[in-house]
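Please look over the protein model shown below.

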Amino acid sequence: MSLVNKGDTAEGASADRGEKADRVCKELADLAVKALLDEAALFPKPGLVDPVSQGAHSDMDFTTLVRSAAALQQGFYECARIGYKSAAPFSAGVRPCTSDSGISVAAAQPIAAAVRKRLRATGLALEKAMFAETHGVNTHKGAIFIFAYLLGAAGLLSGATQLGGIRSVVELTETLCAQVRVLAAGLCSEDMAGVSAKRTLTHGEQVFLQYGCTGIRGEAEAGLPLVQRNVAYLAGLTHLTQRDAYLYTLLHIIAENKDTNVLFRAGSTALRDLQTRCISIVKSGAAGAALYAAVEALDVYCIERHISPGGSADIFAAVLFCRSLTGA
């Protein structure tokens, strides 16, 4: 099923806008939750929670992730609605997305800043819902951040009928991520201003001060280049089974992502070593049992060193979400 193509049929265009918005935003939220569940269900994974291993985590298991993902459903719907409701001003004369072809970023920024403010408030509410469900365990904080922007952008583009006719998952992802770039413009300077003077720092802020790594904020502000590259990478793995293709994509993400979770837990040397090991598996071309054995050995390595590439898992879930928008 393709949300994008279904949403822009003649029947959809003639339907009441409120009913259409509700349907589209519910489906977007469903796809986001499914992406998180599909990421959690993939196994084996290096240092990450899956159905048969807690990875490098002692405070959560697969059931925790499932409960957490379910608790995000309504908030994800609200993120999509925020974007969808914001489409009207764009439709009145301001294009929702920008590109190198000359569409003005400045014209979109006042609306984008207002959307970002509402998405931030909804994201904070989502974090509270997550912590309430998991009894204080951080299962999906990074995913909440990235999906708030993706859902806001997808809702906005759907409401402004900017996604009609797109069949290619790569093209759709580029369009969606261009809109994320507009919504996240100036995010890093906004969030990191004065961080060095703060007495209590988040993990992301500590990594920023120690390594200069902007993490998922920088990724969003740049238009999610990791998501774009790995949607294209996954699209090229049609010769593999779905499980093998998913594993290769996750390993490919870890190999190029400056994962702030790994940096915070284990430092830059450990991150480089993990990336080297992932590259080795990707280059091996192993499939089936040989691939699973290699990843299981990497999982043992990560558990022994308390390494969990959780930021890369969030990017992988985002890749699955983008892929699902065309019915893939």
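## The loop between H17 and H18

His306 is found in the loop between H17 and H18. Helices here are DSSP runs of type H or I with at least four residues, numbered from the N terminus. His306 is not a glycine, yet its phi is positive, at about 60°. With a relative accessibility of 42%, His306 counts as partly exposed. The scale is as follows: buried means under 20% relative accessible area, exposed means over 50%, and partly exposed is in between, using a 1.4 Å probe and protein chains only.

This is a predicted model, in which local features need pLDDT of at least 70 and side-chain atom pairs count only at pLDDT 80 or more, while totals for chains, interfaces and linings use all residues. Residues are numbered from 1 along each chain as its sequence is written, and side-chain values use heavy atoms, with hydrogens and water left out.

Arg305 belongs to helix H17 (residues 289-305) and is partly exposed, with a relative accessible area of 41%. Its side chain makes a polar contact with the side chain of Glu304 at 3.3 Å. A polar contact is a pair of N or O atoms within 3.5 Å; within protein, one atom must be able to donate a hydrogen and the other to accept it, and residues adjacent in sequence count only if both atoms are side-chain atoms. Arg305 and Arg265 are 40 residues apart along the chain, and their C-alpha atoms are separated by 9.0 Å.

Helix H18 covers residues 310-324, and its 15 residues should span 21 Å at 1.5 Å a residue. The expected span is 1.5 Å times one less than the number of residues. The end C-alpha atoms of H18 are 21 Å apart, which agrees. Of the 15 residues of H18, 13 are buried, so the helix is largely enclosed by the rest of the structure.

## Other backbone features

His135 also has a positive phi, near 60°, and is a residue other than glycine. His135 sits in the loop between H7 and helix H8 (141-159). This residue is exposed, with a relative accessible area of 70%.

Phe43 and Pro44 are joined by a cis peptide bond, with omega about -5°. Pro44 is in the loop between H3 and helix H4 (62-71).

## Salt bridges

Side chains of opposite charge can pair when their charged atoms come close. A salt bridge is counted when a side-chain nitrogen of Lys or Arg is within 4 Å of a carboxyl oxygen of Asp or Glu. By this rule there are twelve salt bridges. One of them joins Lys26 and Asp22, at 3.2 Å from N to O. Both residues lie in helix H3 (residues 17-41), four residues apart, about one turn of the helix. An α-helix has 3.6 residues a turn, so residues three or four places apart point the same way. Lys26 is partly exposed at 44% relative accessible area, and Asp22 is partly exposed at 26%.

Asp191 forms a salt bridge with Arg217, the closest N and O atoms being 2.8 Å apart. This pair links distant parts of the chain: Asp191 is in helix H10 and Arg217 is in helix H12 (residues 215-221), 26 residues apart. Asp191 and Arg217 are both buried. Salt bridges that share partners join Arg116, Arg120, Glu190, Asp191 and Arg217 into one network.

Arg81 is in helix H5 (residues 73-85). Leaving out residues up to four places away in sequence, Arg81 touches Gly18, Ala21, Asp22 and Cys25; contact means heavy atoms within 4.5 Å.

Asp299 lies in helix H17. Asp299 is buried and has no salt bridge, and the nearest side chain of opposite charge, Lys45, is 9.0 Å away.

## Confidence

The mean pLDDT of the protein is 89, and 88% of its residues reach 70 or more. The pLDDT is the predictor's confidence in each residue, from 0 to 100. It stays under 50 over residues 10-14, where the model has three contacts beyond four places in sequence. Over residues 91-96 pLDDT also stays under 50, and there the model has 15 such contacts.

Notes
Helices (H or I, at least four residues) and strands (E, at least two) are DSSP runs, numbered from the N terminus. Lys and Arg count as positive and Asp and Glu as negative; His and the chain ends are not counted.
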